[in-house]
Amino acid sequence: MATAFEKVGGDRSVIVARVNGELKDLSTEVSETDIVEPVSVDTPEGLAVLRHSTAHVLAQAVQDTFPEAKLGIGPPIKDGFYYDFSVEDPFTPEDLATLEKRMVAILKSGQRFSRRVVSEDEAVRELESEPFKLRLIGSEGGAEVMEVGGNELTIYDNLDSKTGERCWGDLCRGPHVPDTRYIPPNAIKLMRSAAAYWLGDQANEQLQRIYGTAWPSKDDLRAYLTFLEEAEKRDHRKLGAELDLFSFPEQIGSGLAVFHPKGGVVRRVMEDYSRRRHEEAGYEFVNTPHITKGALFETSGHLDWYAEGMYPPMKLDGEVDADGTVRKQAQDYYLKPMNCPMHNLVFGARGRSYRELPLRLFEFGTVYRYEKSGVVQGLTRARGFTQDDAHIYCTLEQMPHELDDLLDFVLGLLRDYGLEDFYLEISTRDAEKSVGTDEVWAEATAILRQAAERQGLELVLDEGGAAFYGPKISVQAKDAIGRTWQMSTIQVDFNLPERFGLEYQAADGSRQRPVMIHRALFGSIERFFAVLLEHYAGAFPPWLAPVQVVAIPVTDAHIPYLDEVAAALRAKGVRVEVDTADDRMQKKIRNAQRAKVPYMLIAGDEDADAGAVSFRYRDGTQKNGVPISDAVDEIVQAIDTRVQV
């Protein structure tokens, strides 16, 4: 019998093998008939194995340094790994530095990862001092964690490279790199520690989690850390405060933002342009309340499938006499988490004819979702937000064409806001968390997939990720530094029209059920605002900038002249300010640059005499002696054509 290592050769970039389709250690014995494929560290599967192996090294370093620490779980994640521990005191930054040094020593020692199959009784005996591992051996963890899974239990031992003696071990299903020298010691870093609940359940014990990252080379690590620095500079929460756009007052509550005047300008421009484009595309505008009786969400199914994401009910409309006699039972009212049930009521408010279809209802509707405090993150994961929500009611025959037009519309509008790099993700059914028949879901999924394929974009499968009422296409957009954001979502729904009893009269006089398409283009105004803020690093293109022009006088004597220039710009709809502060001209320029204003118009004696301005751009370049009319025309054209300067 040969090993997988012998089958794939001795290239050290190959760290695991795929044997008959399954990832296996290179030490796995294989037969002549087995299909063995090399998996290198520069593939997603290989990189995940590298990071999972590094998580084991971290766990060994923790127990070497803190012998009383108890092990939780340690999976690879996007861009790194983590490991959870039960320890008496939280880890400090100094602890992380000590642990990283210990990890480097382990990596350099070349310990070998050795897989060992054990019975459940053997595993329980060996891990008697690890209470969380013991719980995984039973039914609590299952195949959801890296430690267990498949039809056998395995322990990985870290063996001394010289003596073969066991240095450390962990319950794990693997696979792993052959030995620790496959993990470059100059390409790992421990990033931070945080509290975490066992298996992510708030009802469980709180542990301490250490996050780390690992890469194939030092250059890869350096590039990743540089990326993180750039992402930190672009953090919308930081920019929102610096540019006076929005804030999150403690007096209001977590995940609930207020927009300041400048942020309000950007938001209004975004919404106004979206409204105009929707009008051109044949949408009709509706408005619905923020609160409703609970019975509506019983009909829609949200109270069955989405109650954990909703705010608790309010008891209203009850009547009680002075003696305590209940004359009228109070009813449960809920803040709405979705707009779709109310749009269904609009559709069903009167009889509908096939001649009205497709009917496209659109609303900027504010919704409220009780996100857990640990996942609330600025504007990108808020508890109150406004969706640019549309629901399209059409016939089954109209649906393919409607989906094509909808994807064209969505992608075109996102490009207008400056996003260009897209792929599509299709989310399919989770049978345990959905309503409707298999046949209906299969039909809806097939129609969505065909529409996505016609766009000619990369299509990625998100198995089991659909909402409870229908499959979904998500438009995934990359920003200026390569991060992917989920933007528009499009969902086909045969179920809610059935639950609400929606009908239209067909051409033959029969009553037919419409198909419903859910569509949120931005996801939410707040989240899209945050994405654009980070994409542009606060330097919005002129058409979106809260202040498009700052007029800067050389001395106070030139303020009246620039007031006239500003008036000419305002007459064209340009957002302009004249800086009349006591600061010197150079400080005013620096202030405008820090505020990321696209254009500065500077005027002194020569400019005023010539009826001109010095035209300064955000990047610091400047043109002198530009006639006022030319300056106005250039600014207006840039705004009207939505140039990305």
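Colleague: What does S274 touch, not counting residues up to four places away in sequence?

Modeller: S274 touches F362, F364, L413, Y417 and F522, where contact means heavy atoms within 4.5 Å. This is a predicted model, in which local features need pLDDT of at least 70 and side-chain atom pairs count only at pLDDT 80 or more, while totals for chains, interfaces and linings use all residues. Residues are numbered from 1 along each chain as its sequence is written, and side-chain values use heavy atoms, with hydrogens and water left out.

Colleague: Is S274 buried or exposed?

Modeller: S274 is buried, with a relative accessible area of 0%. Buried means under 20% relative accessible area, exposed over 50%, and partly exposed in between, with a 1.4 Å probe and protein chains only.

Colleague: Which helix does S274 lie in?

Modeller: S274 lies in helix α8, which covers residues 261-280. Helices (H or I, at least four residues) and strands (E, at least two) are DSSP runs, numbered from the N terminus.

Colleague: And how do α8 and α12 cross?

Modeller: The axes of α8 and of α12 (residues 399-416) come within 12 Å and cross at roughly 150°. That makes α8 roughly antiparallel to α12. Axes are lines fitted to C-alpha atoms, for helices over the stretch in contact, and angles run from 0 to 180 degrees between N-to-C directions. Angles under 35 degrees count as roughly parallel, over 145 as roughly antiparallel, 65 to 115 as roughly perpendicular and the rest as oblique.

Colleague: Which residues make that contact?

Modeller: Helix α8 contributes Y273, S274, R277 and H278, and helix α12 contributes F409, L413 and D416. These residues of the contact of α8 with α12 divide into three nonpolar, two polar and two charged. Here Ala, Val, Leu, Ile, Met, Phe, Trp, Tyr, Cys and Pro count as nonpolar, Asp, Glu, Lys and Arg as charged, and the others, Gly among them, as polar.

Colleague: Another helix pair, then. At what angle do α2 and α3 pack?

Modeller: Helix α2 (residues 44-65) and helix α3 (residues 93-109) pack at an angle of about 115°, with their axes 9 Å apart. On the α2 side the contact is made by T54, V57, L58, Q60, A61, V62, D64 and T65, and on the α3 side by T98, L99, R102, M103, I106 and L107. Eight of the residues in the contact of α2 with α3 are nonpolar, four polar and two charged.

Colleague: Changing topic: how many aromatic pairs does the structure hold?

Modeller: The structure holds 28 aromatic pairs. Rings of Phe, Tyr and Trp (its six-membered ring) pair if their centres lie within 6.5 Å; planes under 30 degrees apart count as stacked, over 60 as edge-to-face and the rest as tilted. F85 and F91 form an edge-to-face pair, 5.9 Å centre to centre with 80° between the planes. Both F85 and F91 are buried.

Colleague: What about F297 and Y334?

Modeller: Their ring centres are 6.5 Å apart and their planes are at 85°, so the pair is edge-to-face. The pair links distant parts of the chain, with F297 in helix α9 (residues 294-300) and Y334 in strand β21 (residues 331-335), 37 residues apart. F297 is buried at a relative accessible area of 0%, and Y334 counts as buried at 11%.

Colleague: Which residues form one aromatic cluster?

Modeller: F246, F248, F259, F529, Y536 and F540 form one aromatic cluster.

Colleague: Why is α11 described as largely enclosed?

Modeller: Six of the eight residues of α11 are buried, so α11 is largely enclosed by the rest of the structure. The buried residues are C340, P341, M342, H343, N344 and F347.

Colleague: What is phi of D317?

Modeller: D317 has a positive phi of about 70° although it is not a glycine. D317 is in the loop between β18 (314-316) and β19 (319-320) and, at 37% relative accessibility, counts as partly exposed.
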